[in-house]
Amino acid sequence: MPKLTRERMAQMLLILLLAAAFPLCYRLLQSGIGEIAVSFLRNTSDSEQQLIDRYFYHAALINCLPGLVFIALFALLSRPLAKAGLVPRAQRSLKIERAQLKYVLLLSLALYAAITYVLIMLPISQQTSEEYQQHMSSLKQSPMVYVLLFEIVLAPICEELAYRAGFFAQLKKIMPLWAALLAQGVLFGLIHGNIIQSSYAAVLGIILALIYYWTESLGASIVVHMLFNAGNYTFVYFIVPRFAPLIVPLLIFTVSMTGYLLLQLHDQHAERQMLREIESISRSAP
């Protein structure tokens, strides 16, 4: 960790202030966009139920608009702030090395399965479960083209740019790695609203940050995030019901596989770091 100077302290306070304000501003913006959407969708001859149905029809689009607005602001402000020395520049490479690709793809499947089976096994109250199911079903009422474009493509890109290439990449330069991982993971969970989604999103956020850090590729975390979101519309319907009697062994297997694949990415990262150190020593040698 770099020496804690006044400049570093100012950077830390600024980033933590922005990070703390982000979930609140996101919710306020989402609420405002929702109100605007309702006013546009409202028809004087419609009943309340017809308005609700029309809103749910466009839910995937409406829920992703705040993310698009925030990422636009992030893109506009990140460069001026970096030039002013207020925040360090973030690594945003989209390239995924061939040696990493197989682990990234397998990890996407194992991670989604592991979190799904954990949620099934947890003793969740009926009210909390119904709130979560209502939220997820509202998204699935949107046209599939909306779901594919916004929930599976644009939302992961926006969130990875904001949280991994944004908050995490900046926080890890001015605080211990574990603290940066935890902070951005909690903040990532908070923007998801309901208790169930916030809980697993926080864990997902930490794992996505580890993937970003160990692969040194924003593209890797984006791919995992995309495939994870896609699992809500594929895995839950086609895989979970077929293997319900095997839930315990599948839970053990998927959690173990997730851990194994993460260790593979960690080992690759450690090997790259060691090669860089050797190369640096050899260059500095007379």
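The following dialogue walks through how to read a predicted model of a protein.

Student: What kind of model is this, and how are its residues numbered?

Tutor: This is a predicted model, in which local features need pLDDT of at least 70 and side-chain atom pairs count only at pLDDT 80 or more, while totals for chains, interfaces and linings use all residues. Residues are numbered from 1 along each chain as its sequence is written, and side-chain values use heavy atoms, with hydrogens and water left out.

Student: How many helices and strands does the protein have?

Tutor: Helices (H or I, at least four residues) and strands (E, at least two) are DSSP runs, numbered from the N terminus. Here the secondary structure comes to 11 helices and 0 strands.

Student: Which share of the residues is buried?

Tutor: A residue is called buried under 20% relative accessible area, exposed over 50%, and partly exposed in between, with a 1.4 Å probe and protein chains only. In this protein, buried residues make up 44% of the 286 residues.

Student: Is Gln 100 buried or exposed, and what is it in contact with?

Tutor: Gln 100, found in helix α4 (residues 98-121), is buried, with a relative accessible area of 1%. Contact means heavy atoms within 4.5 Å, and, leaving aside neighbours within four places in sequence, Gln 100 is in contact with Trp 214, Thr 215, Leu 265, Gln 268 and Arg 272.

Student: Which residues of the largest nonpolar core touch the most other members?

Tutor: A nonpolar core is a set of buried Ala, Val, Leu, Ile, Met, Phe, Trp, Tyr and Cys residues joined through side-chain atoms within 4.5 Å. In the largest one, which has 46 residues, Leu 111, Tyr 163, Ile 211 and Phe 228 touch the most other members. Helix α8 gives the most to this core, with 11 residues. A second, separate core of 5 residues includes Ala 113, Ile 247, Leu 250 and Leu 251.
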